[in-house]
Amino acid sequence: KNPLTHTGVREMERFQGQEMRDFASTSPVVVPEHSVADWVLLYQPYDPNYHKEHSIKHLSFHTHIRKLQPKATPGAASSSTADLPPLQPESYQVKVPCPTASHPSFPKGICTTCQPAAITLQPQTFRMVDHIEFASKEVVDRFIDGWRKAGVQRFGFLIGRYEPYTEVPMGIKAVVEAIHEPGQHGEVDGVTVGLPWDDEKRVTEL
């Protein structure tokens with residue numbers, strides 16, 4: 001299942017991903033349905049203080065999307081797609097010819113105007129899946145049994161379902177029910193998977 005269409009995710013989105021807690025305490029509190037008392041604070045799921053208090057290192061994917069959305073304007077119409085900022089592809093090519101026309105075109109000449117912007121690599125701050133569980137230890141035992149006997153690497157597709165993960169705001173966990181191993185040749189330091197993959201349709205249906 002696609003985690004974006006999971007009923008649990010839709011339920012989280014219905015509540016806007018906001019958590020409730022007492023002003024005098026860092027612990028979540030329970031309030032009656034359809035009512036919010038004066039002593040309850042609503043805060044966003046990407047609140048850095050909450051993440052620090054609960055030792056959460058990465059944002060969940062849906063929290064990351066919520067963080068990208070601008071704050072809604074009171075009285076303005078809103079939708080999940082309209083709130084997202086426009087996605088424009090970045091260009092890191094040298095501008096030819098140079099807009100200033102003050103020197104020969106690249107590669108004979110280059111300046112700060114026509115050269116591309118610097119690229120800075122940053123670690124990803126969110127996770128697509130926050131937690132993985134196996135329905136039973138037999139699922140794992142069967143998969144690694146080949147490695148135990150032959151000492152070679154194995155590759156498999158995890159088959160299961162997505163569920164809400166309550167340990168992090170708007171979290172998603174994957175519950176693995178089975179591992180499908182396509183045709184492959186295992187090696188000590190790698191694995192070669194046979195193509196084309198004839199079982200793709202059958203596994204997708206599972």
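Reader: Where is Leu 121 found?
Author: This is a predicted model. In it, Leu 121 sits in the loop between helix H3 (61–68) and strand E4 (126–127).

Reader: Is Leu 121 buried or exposed?
Author: Exposed. Its relative accessible area is 81%, and the cut-off for exposed is over 50%.

Reader: Which residues form a nonpolar patch with Leu 121?
Author: Tyr 92 and Ile 119. Together with Leu 121 they form a surface patch with about 380 Å² of accessible area.

Reader: Switching to charges. How many salt bridges does the structure hold?
Author: Eleven. One of them pairs Glu 133 with Lys 173.

Reader: How far apart are the closest N and O atoms in that one?
Author: In the Glu 133 and Lys 173 pair, 3.3 Å. The two residues come from distant parts of the chain, 40 residues apart. Glu 133 is in strand E5 (residues 131–134). Lys 173 is in strand E7 (residues 171–180).

Reader: Lys 173, buried or exposed?
Author: Buried, at 14% relative accessibility. The cut-off for buried is under 20%. Glu 133 has 29%, so Glu 133 counts as partly exposed.

Reader: What about Asp 145, which side chain does it meet in a salt bridge?
Author: Lys 149, at 3.1 Å from N to O. Both residues belong to helix H4 (residues 137–150). They are four residues apart, so about one helical turn separates them.

Reader: And how accessible are Asp 145 and Lys 149?
Author: Asp 145 is partly exposed at 28% relative accessible area. Lys 149 is exposed, at 70% relative accessibility.

Reader: What does Arg 154 form a salt bridge with?
Author: Glu 181. The closest N and O atoms are 2.8 Å apart.

Reader: Where do Glu 181 and Arg 154 lie?
Author: In loops. Glu 181 lies between E7 and strand E8 (184–187). Arg 154 lies between H4 and strand E6 (157–165). The bridge therefore ties together parts that are 27 residues apart in sequence.

Reader: Relative accessibility of Glu 181 and Arg 154, what is it?
Author: Glu 181 is at 29% and counts as partly exposed. Arg 154 is at 31% and also counts as partly exposed.

Reader: Which residues do salt bridges with shared partners join into one network?
Author: Glu 133, Arg 161, Glu 163, Lys 173 and Glu 177. Glu 133 and Lys 173 are the pair with the 3.3 Å bridge.

Note on methods:
Residues numbered from 1 in each chain as written. Predicted model: local features only at pLDDT ≥ 70, side-chain atom pairs only at ≥ 80, totals over all residues. Heavy atoms only, no water. Salt bridge = Lys/Arg side-chain N within 4 Å of Asp/Glu carboxyl O. Buried < 20%, exposed > 50% of the residue type's maximum accessible area, 1.4 Å probe, protein only. Patch = residues over 30% accessible without salt bridge, like charges linked within 9 Å, V, L, I, M, F, W, Y side chains within 5 Å. Areas by Shrake-Rupley, 256 points an atom, 1.4 Å probe, with all protein chains shown as cover.
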